[in-house]
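Reader: I have a model open and would like to talk through a few of its details before setting anything up. Could you take me through it?

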Amino acid sequence: MSAYYHETNGHNGMSTKQHRNGNGTYPQKNSGDEYMMPEEEWERESVLDPAWERQQKKTFTAWCNSHLRKVDTSIENIEEDFQNGLKLMLLLEVISNEQLPKPDRGRMRFHKIANVNKALDFIASKGVKLMVGAEEIVDGNLKMTLGMIWTIILRFAIQDISVEEMSAKEGLLLWCQRKTSPYKNVNVQNFHTSFKDGLAFCALIHRHRPDLLDYNKLTKEDPLGNLNLAFDIAEKHLDIPKMLDAEEINNSIKADEKVVMTYVSSYYHAFSTTQKAEQAASRICKVLTINQENEQMMSEYERLASDLLDWIKQKRPWLENRATDNTLNGTQSKLGEFRDYCRSQKPPKLSQKAKLETDFNTLQTRLRLSNRPIFTPTEGKLIADIVEAWKGLELAEKGFEDWLLRELRRLERLDHLAKKFQHKCDIHEEWSNGKIDLLKSTDFKQYSLNDLRALLRKHLAFESDLAAHQDRVEQIAAIAQELNVLGYDQITTVNQRCQKLCNEWDELSDLTKRRRSALTETEKIVERIDSLFLEYAKKAASFSNWLDGAREDLVDMFFIHTLDEIIGLIEAHNQFKATLDDANNEYKTIIRLVDEVRQICHENNLEITPNPYTNIEADEITSKWNEVQTLVPQRDQDLQTEQSKQQQNERFRMQFAQKANIVGPWIEQQHEQLQELTVQVVGTLEQHQKKLETMETSFIQYRPHIDELEKYNQQIQECMIFENRHTPYTMEVIRVAWEQLNTQLTRQIAEIKNQIYTLEKKGISEEQMNEFRAAFAHFDKSRSRRLDPKEFRSCLIACGYNIREDRQGDADFQRLMTDVDPSQTGFVTFESFLDFMTRENSEEDNVDQLIQAFKTLSTDKPYITAVELKRELPADQATWCIQRMKPYTGADSVPGAYDYKTFSSALYGESDL
């Protein structure tokens, strides 16, 4: 009975199926089932890679012999020596240290199957999912035998490997990574390529037995040497048989992972004793580390507690001292020291106290969790002792602060009275500073009436202010009296200052009365002077403005362009001269007012102040009046000179106007005549061309008249004449009209020539050409020789084109616009319209017609010779064709034959020459 059964890999999620074991039961699934599912299942129908099969056979044989040698036996051929099941059962007993059922000793096939089934049942009992049947082992199926051995290796050599909560393959890989991480050129990521250069094997050996090899002498460039060195040392010193072949590992692109895992697991088991020693050392170090940390925390607690208690002991005497220098500054300094203590010195100590309590609780917790006895500090350093000392410190702080505040309030009262006296004295002295000198001054005799009245009002306000300050002086005296009563230590200085302030107050009162009387008397005199100032200001302002206007008119520059303008200026100047006698009388009146003010000031010992109503001085009036009298005769002479100049300019204007009035209409007449010829062609195109050329001759002959007009224009420009009321024409207008006439005439002649050429080449009749021109002229309402899209569409419809009024019609018209207006200017010129209409109505030559013409010349041959070309065509055109035609290459070609078909296609752009 076969013991093979199968369960789907847990990674693919497919349905499961099981085969019954040899004893008729189904294997039970346990926690190791998923892992024990092989990573690569042996399938009966598939074939192993020959290199991998060879590696597995050698490695698995060596692994089996490493265990069978313990019972003095071995195998040589893995697929044959396990066929009877005896050595397979023996191998399982050795590696499991368990007794299997007694084997059958017969040699018949069913005996062998029974023994193999016993072995497979034992493997299945260990939670392994088997994928092989007893018949396949008995039949010597190498692939199934290797799969069975790999399953045994997984279960008994790799499954029990555990590293940091990882087991089996992952645990073995992690073990390799941990052991080889300090070594350069080693990066274990898998069990095939990571071991290919042999350095990983050497690193594992050196990590556990550094005495067996010198890793620093190994290089990646010698993989065979590294592999052989590791295999030899493992076999000789570690009792690990040589399961791998160095050359096969090195030469294979990807070594068989199962082979490498099998060999590496032997290293793990060989070094397992060393691993246990490392774990024991780690456990000891962990315990010692905890004890060392606890002792360090105890020592730190003792140190911090001693430091905090010493600091409290040091600060208590300072806080209990009540001595002071009996000054406000000294007491405030002591308060500042206390505040600095509260802000800077105490907070670190408070943090230290909190840290002590936290560290003490943490230490007790650590000791309790690690089963250690609790910590008892030395006498006087318990948490309770520290708390008690801190309370005493805070009571001393409270008493010290209360005493400082009471002392400050006492000293501040006395200091406040002294400062208040000083402050009020400073304010009064600042107010009275300079006022005695001001009251004694007589500077008001220089003031104007408004300033004097303002000064009198200001003096009255000062008298009110003086009365208000009476109360402040009395307050100062009262404060001085209180300081005398309290026995202020600087009372002498206070009394002296108070007496000086009272004496100044009496003097201020007397001077105020005398100054008020003097101000009232002076006000009456200044009122008379002010009235004279006001009358002077009124007259001087208007007279000065008249003088300024007169001076400005007399020196004003001439910007005159006509004779009438200069005549008007001369008349205005004569009217101005008639007003000079009245102006002289006004001038004398103004000077008499100034003299009267000077006399009053001299009699009353007053200084002449500036006129408050005007800034115009009498000297300024006199200077302006004298200047006007000087400018009048100069103005007479300038006006006469300008009058002569304008008379000459008028003659130049008449000369230019007479000529321009002849030339301008002639040019306009020529424009109209040309426009008529443009719009409508009478007679043949050749006759129309002759008319235009006759007009061109007349145009050229008229050129001397333009030159003569240019000479007159130059005279006008040199004389700076900008206007000419005798003619509507300017030289610029005539010059532009002349150039436009020349341009249009030249263009019209060229267009007629092009139309004649078009008639000849396109086969368009002259009647058609006239119809095109007439249609365009009809819709060209502005006579600009261009049509907008709307006008062009109407013109096409008038010419017989069927353009629908729908979307398709719009699309068709847009294609026509693109053809006639490729630059997208938005307009269709007459030339573009004519070219479009001739294309649409002409019978143009095409490539087929040209080929047929050449075929006629060559008497229906597919080629033409040079002789035929020279015979039928003009000499220059025959030579031109011969130079550009390609030789004819057809089967019926003759010497000197040319390909006229290719030549014709090239002329019409359908091929390259």
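Author: Let me begin with a term: a residue counts as buried when its relative accessible area is under 20%, as exposed when that area is over 50%, and as partly exposed in between. By that cut-off serine 544, at 4% relative accessibility, is buried. Please keep in mind throughout that this is a predicted model.

Reader: Where is serine 544 found, and what is it in contact with?

Author: Serine 544 is found in helix 19, and, leaving aside neighbours within four places in sequence, serine 544 is in contact with Ile616, Ile621 and Lys624.

Reader: What does helix 19 span between its end C-alpha atoms?

Author: Helix 19 covers residues 491–555 and spans only 82 Å between its end C-alpha atoms, whereas a straight helix of 65 residues would span 96 Å at 1.5 Å a residue.

Reader: Where does helix 19 bend, and by how much?

Author: Helix 19 bends at lysine 524, by about 25°.

Reader: Okay, confidence next. What is the mean pLDDT of the protein chain?

Author: The mean pLDDT of the protein chain is 80, and 89% of its residues reach 70 or more. Over residues 1–47, however, the pLDDT is below 50, although this stretch has 116 contacts in the model beyond near neighbours in sequence. Where pLDDT is low, the predicted coordinates should not be read in detail.

Reader: And the overall make-up: how many helices and strands are there in the protein chain?

Author: There are 33 helices and seven strands in the protein chain, and buried residues make up 41% of its 913 residues. Among contacts between residues at least 6 apart in sequence, 71% join residues at least 24 apart.

Reader: I need to assign cysteine states. How many disulfides does a search of the whole structure find?

Author: A search of the whole structure finds zero disulfides.

Reader: Cysteine 881, then: buried or exposed?

Author: Cysteine 881 is buried, with a relative accessible area of 7%, while cysteine 502 is partly exposed at 27%.

Reader: Back to serines. What does serine 432 touch?

Author: Not counting residues up to four places away in sequence, serine 432 touches Glu504 and Leu508. Serine 432 has its place in helix 15, residues 383–432, and is counted as buried because its relative accessibility is 11%. A polar atom of its side chain lies 3.4 Å from the backbone oxygen of glutamate 429.

Reader: Now backbone angles. Which phi does asparagine 97 have?

Author: Asparagine 97 has a positive phi of about 60°, although it is not a glycine. Asparagine 97 is in the loop between helix 4 (86–96) and helix 5 (109–125), and with a relative accessible area of 71% this residue is exposed. Asparagine 185 has a positive phi too, of about 65°, and is likewise not a glycine; asparagine 185 sits in the loop between helix 8 (168–180) and helix 9 (199–208) and counts as partly exposed at 45% relative accessibility.

Reader: Let's jump to the other end. Which residues are buried in helix 33?

Author: In helix 33, residues 900–907, the buried residues are Tyr900, Phe903, Ser904, Ser905 and Ala906.

Reader: What do the buried residues of helix 33 pack against?

Author: They pack against helix 30 (847–857), strand 5 (864–865), helix 32 (875–884) and strand 7 (897–899). At the start of helix 33, a side-chain oxygen of aspartate 899 comes to within 3.2 Å of the backbone nitrogen of lysine 901.

Note on methods:
Residues numbered from 1 in each chain as written. Heavy atoms only, no water. Helix = DSSP H or I, 4+ residues; strand = E, 2+ residues; numbered from the N terminus. Expected span 1.5 Å × (residues − 1). Bend = angle between axes of the 7 residues up to and from the residue. Buried < 20%, exposed > 50% of the residue type's maximum accessible area, 1.4 Å probe, protein only. Polar contact = N/O pair within 3.5 Å; in protein donor to acceptor, adjacent residues only side chain to side chain. Contact = heavy atoms within 4.5 Å. pLDDT = per-residue confidence, 0-100. Disulfide = S-S within 2.5 Å.
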